[in-house]
Amino acid sequence: MQHNQQKKNLVVFPDLSRPEKNPYDTKTVIQLIKAKGFCDTGQAPIEFLELRNISHEQVLAHLEEAKVLLFLGTTEGLPLQILEALAHGLVVIGFNREPMASLLHRDCLFELNQLEDISKKTIEVLNDQKTYQQLSNWSLQRAADFSRKNQEQALLSALTEQFAYH
């Protein structure tokens, strides 16, 4: 997708003042990424940004420029931030827990003890354009499943089937 060309090597993550967002593991993964650095191939440095104390418009602006949403909460109710990130073509990396497991690419789902693997996958996504592009395109397709048009089509199909059988 064209807007992906303007993305930075930016990793965003949820407000870590909220314990359910798992600040300990998120900070640990960020430190692992910083320790591993980035390829010595002229890649831009990796930046990190916590989505905290900013307006929804600012969140959307940051999603437009970021490549990765690091979402390491172990529980999640309504996953709006994940869906917004997918709709912006971000690669969302998180734990293999619902509802994340139903929303994220299987290569971006990890078990709770796989912090090292999460850091490696994040670095791979940021430094390998092909991997990033494939996963970003997948994110855009996944987000489309939740579009208003698709919801209306599913409702119409359900109603049509209901009337057709009664």
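This is a predicted model: local features need pLDDT of at least 70, side-chain atom pairs count only at pLDDT 80 or more; totals for chains, interfaces and linings use all residues.

Trainee: Okay. At what angle do α1 and α5 pack?

Mentor: About 55°, and their axes are 9 Å apart. That angle is why α1 and α5 count as oblique to each other.

Trainee: Is their crossing left-handed or right-handed?

Mentor: The crossing of α1 and α5 is right-handed.

Trainee: And which residues meet there?

Mentor: On the α1 side, you've got Asp 25, Thr 28, Val 29, Leu 32, Ile 33 and Lys 36. They meet α5 residues including Leu 115, Ile 118, Thr 122 and Ile 123. By class, this contact of α1 with α5 has six nonpolar, three polar and four charged residues.

Trainee: What about α5 and α6, how do those pack?

Mentor: Helix α5 covers residues 115–127, and it packs against α6 at an angle of about 100°, with the axes 5 Å apart. So α5 and α6 are roughly perpendicular to each other.

Trainee: Who's touching whom?

Mentor: Glu 124, Val 125 and Asn 127 in α5 meet Gln 129, Thr 131, Tyr 132 and Leu 135 in α6. Sorted by class, the contact of α5 with α6 has three nonpolar, three polar and one charged residues.

Trainee: Tyr 132 has a ring. What sits over it?

Mentor: The charged end of Lys 67 does, 5.0 Å from the centre of the Tyr 132 ring.

Trainee: Nice. Where do α3 and α6 come in?

Mentor: Helix α3 is residues 80–87 and α6 is residues 129–144; their axes come within 7 Å and cross at roughly 125°. That makes α3 oblique to α6. The crossing of this pair, α3 and α6, is left-handed.

Trainee: And the residues in that contact?

Mentor: Leu 83, Leu 86 and Ala 87 in α3 meet Ser 139, Leu 140, Arg 142 and Ala 143 in α6. The residues of the α3 and α6 contact divide into five nonpolar, one polar and one charged.

Trainee: Switching topic: which residues does a cis peptide bond join?

Mentor: Glu 98 and Pro 99, with omega at about 5°. Pro 99 is in the loop between β4 (91–95) and α4 (100–103).

Trainee: Last one: what's up with phi of Asn 22?

Mentor: Phi there is near 60°, a positive value, and Asn 22 is a residue other than glycine. You'll find Asn 22 in the loop between β1 (10–14) and α1 (23–36).

Methods: Residues are numbered from 1 along each chain as its sequence is written. Side-chain values use heavy atoms; hydrogens and water are left out. Axes are lines fitted to C-alpha atoms, for helices over the stretch in contact, and angles run from 0 to 180 degrees between N-to-C directions. Helices (H or I, at least four residues) and strands (E, at least two) are DSSP runs, numbered from the N terminus. Angles under 35 degrees count as roughly parallel, over 145 as roughly antiparallel, 65 to 115 as roughly perpendicular and the rest as oblique. A crossing is left-handed if the near helix is turned anticlockwise from the far one by less than a right angle, and right-handed if clockwise. Contact means heavy atoms within 4.5 Å. Ala, Val, Leu, Ile, Met, Phe, Trp, Tyr, Cys and Pro count as nonpolar, Asp, Glu, Lys and Arg as charged, and the others, Gly among them, as polar. A charge sits over a ring if NZ of Lys or CZ of Arg is within 6 Å of the ring centre and within 35 degrees of the ring normal.
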